[in-house]
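Please walk through this model with me, from its strands to its helices and then to its loops. Keep the structure open while you read.

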Amino acid sequence: MDSHSKVPAGKGKGEAPGLKGRFLADKGKATALKEKAATLKEKAAALRGKLPALGDKLPVFRGRLHDKRTATVIGRWLGIAVLVCFVTGVISHYVQTPGGRLVDVLPSRPSWGYRLTQGLHIAAGIAAIPLLLAKLWTVYPRLFVWPALRSVRHALERLSVAVLVAAGVFQLFTGLLNTVQWYPWPFSFVPVHFAVAWLFVGALLVHLAVKLPEIRAHWRRRAPATLETGDAADRRSFVLAVAAAVGAVTLTTVGQSFTPLRKFDLFAPRHPDHGPQGLPVNRTAAAAGTSQVDVDDWRLEVLGPRPYRLSLAELRALPQYEAELPIACVEGWSKSARWRGVRVRDLVERAGAPASSRVRVTSLQEGGAYRVMEMGRRYTEDPLTLLALELNGEPLSPDHGFPARVIAPNRPGVWQTKWVAKVEAL
Amino acid sequence: MRTVLGALGVAGMGLGVWLLLGVRDPVDVAVWLAGAIVLHDGLIAPLVLAAGLFVGGLRARGVVRAVLIVAGALTMIALPPLLRPGAPANSSVLPLDYLRNWLWAMAALGAVAVGAGVLGWARGRGRR
């Protein structure tokens, strides 16, 4: 037993030391560790003595406006844009998710609701691009603070800022590319954009918590903390320039959804005047394999307690209603149009089901994630929800869903099912 | 207040990480997230700072800086439609002549800048 205790730590390989022996050996290790720690501490102290010297040798940012007042002024606008993006994005996520518990809760009014929230999502995201770059420029010198890590708290704070910057740049970059349907990354966009949104907004809240005293101190133009820097005129000119950039990117893209400004739509991926029958489309009849629908063969099948089938002529003979409703795409573009057709609630009631039924609609299209659509009761019972046969006074063109398509208020474009074959009351 | 904000933030980040672990390829996402930092801190920011070195000493610093900021922002949102590879899904996707529009925007911006510069110069002379 005793012999084991004499085995120096690290040399007892292969031998199984007894309990006491292992304890003693560990004790030996502990002393050695303590000694090491002591020498390390000495070295650290020596290093710390050199550190300020090294810090002095590093280049220093002498440029102006890398100050807290500028960060606060730009930051609060950026914060608003990010929060608008987050809230509208979460709304869009649940409106786009098929089925689910919310299906009967989602409201059909206001009819322009999704058009507004998704238009805001994209516009706020685009406006955030110059704001984020200006904010990062302002605080860029802080990337090189010395010493890089002062304490555990400082390390965590810097980590949260790293997450904030990464998530912010990532969200704006992937979002902007998604609007032009460009996917250079290996992952699928929707779940990742949604997940990183939570990462982004979480890191933003942590950042606000950390910086709250500084934000308060620099919130007002005449705050004492602001007056010290003496850069007021230069800062005003910089902030005005950033505001001009926000205005410029907004003006040259927002026309894709806010149609009165269509003349200034220079860089948006869509333009209200381009598309069949004056309305942009995403999935064409050619892509969906529905270019050649034989009207003589086509029947609308309506399932319920009393199922029935209707030809296009019979559908046209039913009471027709008009509705002015937008197609609003998740990519941010939207345009209002005049639709004419049969109310979905009338079709459902004719099959012996209540007007407040949940409805499943199936398209003629071959495959695709949106071939089968489910609609909550609040959409079905809304008198504006139509099985449309006409668009802007003409029969639907193949790209807009000939012979019949669904058009419902306050819904994203992907759920406005085209080339309808079957309506089922559930 | 700070504690509540911080706790909410940590919870949000936690949810984000949990959601990310559920997607098919979280490692790819992590690589792209890190890439976002490298892209900004290593490329965009140094380029902007280098531009700032030239602009900082100019007399018409305010106007030149504003023009560069607006031109940079417009170019940034014009790049995706300009550079997107492959044919668009249909003729209503990317229907505009984006290169022509970008040139127009830069020309308009240049004209505004010259106007502002002349105005500033005239004002400066008037004061003297």
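**Strands, core and chain contact**

Strand 5 (residues 359-363) of chain A pairs with strand 10 of chain A in the antiparallel sense, over five bridges. Helices (H or I, at least four residues) and strands (E, at least two) are DSSP runs, numbered from the N terminus. Two strands pair if DSSP finds at least two bridges between them. Within this pairing, Thr362(A) has Lys422(A) of strand 10 as its bridge partner.

This is a predicted model, in which local features need pLDDT of at least 70, side-chain atom pairs count only at pLDDT 80 or more, and totals for chains, interfaces and linings use all residues. Residues are numbered from 1 along each chain as its sequence is written, while chains are lettered from A and ligands numbered from 1 in the order in which they are written.

Strand 10 (residues 420-425) of chain A also pairs with strand 1 (residues 300-303) of chain A. Here the strands run parallel, joined by three bridges. Val302(A) has Val423(A) as its bridge partner in strand 10. Leu303(A) has Glu424(A) there.

Strand 1 of chain A pairs with strand 2 (residues 308-310) of chain A as well, antiparallel and over three bridges. A hairpin of four residues links strand 1 to strand 2. In strand 2, the bridge partner of Val302(A) is Tyr308(A). Strand 1 has a covered face, with Leu300(A) and Val302(A), and an uncovered face, with Glu301(A) and Leu303(A).

Is Arg358(A) buried or partly exposed? Arg358(A) counts as partly exposed because it has 19 C-beta neighbours inside 10 Å. The cut-offs are these: a residue is buried if 20 or more other C-beta atoms lie within 10 Å of its own, exposed if 12 or fewer, and partly exposed in between, with C-beta atoms placed from the backbone. Leaving aside residues up to four places away in sequence, Arg358(A) touches Val103(A), Asp104(A), Glu374(A), Met375(A), Gly376(A), Arg377(A), Thr380(A) and Leu426(A). Two residues are in contact if their C-beta atoms, placed from the backbone, lie within 7 Å.

Now step back to the whole chain. Chain A has 12 helices and 10 strands. Of its 426 residues, 42% count as buried. Among contacts in chain A with a separation of 6 or more, 70% are between residues 24 or more positions apart.

Next, the core. The largest nonpolar core has 117 residues, and those with the most contacts inside it are Ala128(A), Leu131(A), Ala167(A) and Val249(A). Helix 4 (residues 113-139) of chain A gives the most to this core, with 15 residues. Such a core is a set of buried Ala, Val, Leu, Ile, Met, Phe, Trp, Tyr and Cys residues joined through C-beta atoms within 7 Å. Leu131(A) touches Ile74(A), Trp77(A), Leu78(A), Ala81(A), Val242(A) and Val246(A), not counting residues up to four places away in sequence.

Helix 4 of chain A is mostly covered, with 24 of its 27 residues buried. Helix 4 bends by about 30 degrees at Ala128(A), shortly before the proline Pro130(A). The bend is the angle between axes fitted to the seven residues ending at a residue and the seven starting there.

Where do the chains meet? The contact takes 63 residues from chain A and 54 residues from chain B. On the chain A side, helix 4, helix 5 (152-179), helix 6 (189-217) and helix 8 (232-251) each supply at least two residues. The largest share, 15 residues, comes from helix 6 of chain A.

A cis peptide bond joins Trp146(A) and Pro147(A), with omega about 0 degrees. Pro147(A) sits in the loop between helix 4 and helix 5 of chain A. The bond from Phe402(A) to Pro403(A) is also cis, with omega near 10 degrees. Most residues other than glycine have a negative phi, and most peptide bonds are trans. Leu65(A) has a positive phi of about 70 degrees, though it is not a glycine. Leu65(A) counts as buried, with 20 C-beta neighbours inside 10 Å.
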